[in-house]
Amino acid sequence: MRENLAVLWDFSPRLVDGVLVTLQLTLGGALGAFVVAVALGLASRSEAALLRGTARVVVEFFRGTSLLVQLFWLFFVLPLLGVRLEPMTVGVLALALNYGAYGAEVVRGSIASVDRGQWEATHALGMSGIHRMRRIIFPQAWALMIPSLANLLIQLLKGTAVVSFITLSDLNFHVVQLRQATGDTLFAFTVGLLIYFVLAYLLNLGMNVLEIRAKNSLGRGPSMREIWRPTRPESAEVGGGTP
Amino acid sequence: MIWSWERALEALPLLLEGFRITLLATVLGTLIAAGLGLVIAVLKRALPTPLRQIVHWATEFVRMTPLVVQLLFVYYLLTEVSPLVIGVAVIGIHYATYMAESYRAGIESVPKGQWEAATALSLPASRTWRAVVLPQALRATIPSLGNYAVAMFKDTPFLFAISVVELVTSAQQFGARNFAYTEAFTLAGLIFLLASYPTSVLIRRLEKRLAHY
């Protein structure tokens, strides 16, 4: 055990590098996936049949074919078609398209479940399409979609572990290296899985903060400050945290 | 010419052979996940608190860590066991932790009065579960289990990591041997799409039907 810990200590800079690659992929992939999800989610509610149809096909396509197939296709086939991308770009792209397609369903569903009266009110006020979406509908849908998006984000973090197949030295890659360095499978993978677990929990925590803020800005639920306050005043519970 | 029909036709039998393993892994994995998931869900309700906490954290740990890393872990740990057996077991256990959550939601949807009625009739715990709670809970749970089965199907390519010759591994091998990645991976994607899309549609229908009772 003592030897293992010594090897781990020597190895730690590489593990940190691996974590950074994994985080880069997770954040890049999540950002890309969010853009894809919102674009496809909004498009699949469009009144133009062609746009709506295209969005549905794209969503079903990227949901229906597996992440690894998409990753390999981008990595092995694109160069044959004359498009050369960095492995990191390929990884981010595959994650963004795959999880973005799942996210599109979440965005579509959340927008659909915003109260009808809210839509009618925006019409009554004569708001333009973009204005209505940006100021009224999306902020409410956003609060609804965060829990599902949080799940997808964890899935995405876990999905990044396949990029070591396309030559990226992510956390998974370095865990396998640590196993070879220590010759102790149980030790190396316990360390690796624990790091993944902590990362997932931190991401989940971050998403909880986002959810609290989104709900609070709609006047539902307490604000972050009220949650952190060590002794909560009585009135906060009655008032429900309205600003 | 980028696409060759000849090579595509040549790849097809190999891919279908790989697809057979993919299906086998999915079916066996689903059986393990559905069975173990139910056991976890019931244990989480029935066990005393400290034990329940252990089950809770163990399942959280499995749920929140990557399937590929888990596969590699067990693969290197149990070098004597066949990769396919390891793959099916790990995928089954991984998805059991997800299905347990579905069962939990299903069990919670059973009205409290049903539990009280079972107590009033002084049914033993095992009969309460078997005859009263589970038949009602499962109805709400089945579509969600189906969704996870489809998700599992789309995760079987991860078995590539431990060299199980499923669909993606066969595609990769064929592509490397003949330098025909375009045909191999495109066909692999199409096979996934052809199998998973109709299944998702069926599950959506099942969901609608079971919801109206």
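Trainee: How many residues of chain B are in contact with residues of chain A?

Mentor: In this predicted model, 36 residues of chain B are in contact with 36 residues of chain A. Contact here takes heavy atoms within 4.5 Å.

Trainee: What area is buried between chain B and chain A?

Mentor: About 3500 Å², and carbon and sulfur atoms give 77% of that. The size of an interface is often given as the accessible area lost when the parts come together. On the chain B side, B:Met64, B:Phe73 and B:Tyr76 lose the most area to chain A, together 19% of what that side buries.

Trainee: Which helix gives the largest share of the side of chain B that touches chain A?

Mentor: That's α8(B), with 11 residues. Helices supplying at least two residues each to that side are α2 (49–63), α3 (67–77), α4, α7 (167–178) and α8 (181–211) of chain B.

Trainee: What makes A:Glu60 and B:Arg204 a salt bridge?

Mentor: Their closest N and O atoms are 3.6 Å apart. The cut-off is 4 Å between a side-chain nitrogen of Lys or Arg and a carboxyl oxygen of Asp or Glu, so the pair qualifies. Across the interface of chain B and chain A, the rule finds 1 salt bridge. Polar contacts there come to 10 residue pairs.

Trainee: Which residue does A:Arg56 form a salt bridge with?

Mentor: A:Glu60 again, with the closest N and O atoms 3.0 Å apart. A:Arg56 and A:Glu60 sit 4 residues apart in helix α2 (residues 49–64) of chain A, so about one helical turn separates them.

Trainee: Which residues join A:Arg56 in one network of salt bridges?

Mentor: Through shared partners, A:Arg56 is joined with A:Glu60, A:Glu105, A:Arg108 and B:Arg204. Over all chains, the structure holds 13 salt bridges.

Trainee: Why is the pair B:Glu183 and B:Arg7 said to tie parts together?

Mentor: First the bridge itself: their closest N and O atoms are 3.8 Å apart, and the limit is 4 Å. B:Glu183 lies in helix α8 of chain B and B:Arg7 in helix α1 (residues 5–46) of chain B, so the pair ties together parts that are 176 residues apart in sequence. B:Glu183 has a relative accessible area of 1% and is buried, whereas B:Arg7, at 26%, is partly exposed.

Trainee: Why is B:Ala96 called buried?

Mentor: Its relative accessible area is 0%. B:Ala96 is found in helix α4 (residues 83–108) of chain B. Leaving aside neighbours within four places in sequence, B:Ala96 is in contact with B:Ala33, B:Leu36, B:Gly37 and B:Ile40.

Trainee: What makes B:Thr128 buried too?

Mentor: B:Thr128 has a relative accessible area of 8%, and the cut-off is under 20%. B:Thr128 is in helix α6 (residues 125–155) of chain B. Not counting residues up to four places away in sequence, B:Thr128 touches B:Trp115, B:Ala118, B:Leu123 and B:Val133.

Trainee: Which residues touch the most other members of the largest nonpolar core?

Mentor: Of its 120 residues, those are A:Leu68, A:Phe72, A:Ile111, B:Phe158 and B:Phe185. Helix α6 (residues 129–159) of chain A brings the largest share of this core, 14 residues. As for A:Phe72, its contacts beyond four places in sequence include A:Val77, A:Phe165, B:Phe160 and B:Phe185.

Trainee: Where does UniProt place the transmembrane region feature in chain B?

Mentor: The unreviewed UniProt entry puts it at residues 20–43, 73–96 and 184–203 of chain B. In the model, residues 20–43 of chain B are 100% helix, with end C-alpha atoms 34 Å apart. Residues 73–96 of chain B are 79% helix, and their end C-alpha atoms lie 18 Å apart.

Note on methods
Residues numbered from 1 in each chain as written. Chains lettered and ligands numbered in written order. Predicted model: local features only at pLDDT ≥ 70, side-chain atom pairs only at ≥ 80, totals over all residues. Heavy atoms only, no water. UniProt positions renumbered as here; feature names shortened; annotations may be inferred. Core = buried A, V, L, I, M, F, W, Y, C linked by side-chain atoms within 4.5 Å. Buried < 20%, exposed > 50% of the residue type's maximum accessible area, 1.4 Å probe, protein only. Buried area = accessible area lost by both parts, 1.4 Å probe. Polar contact = N/O pair within 3.5 Å; in protein donor to acceptor, adjacent residues only side chain to side chain.
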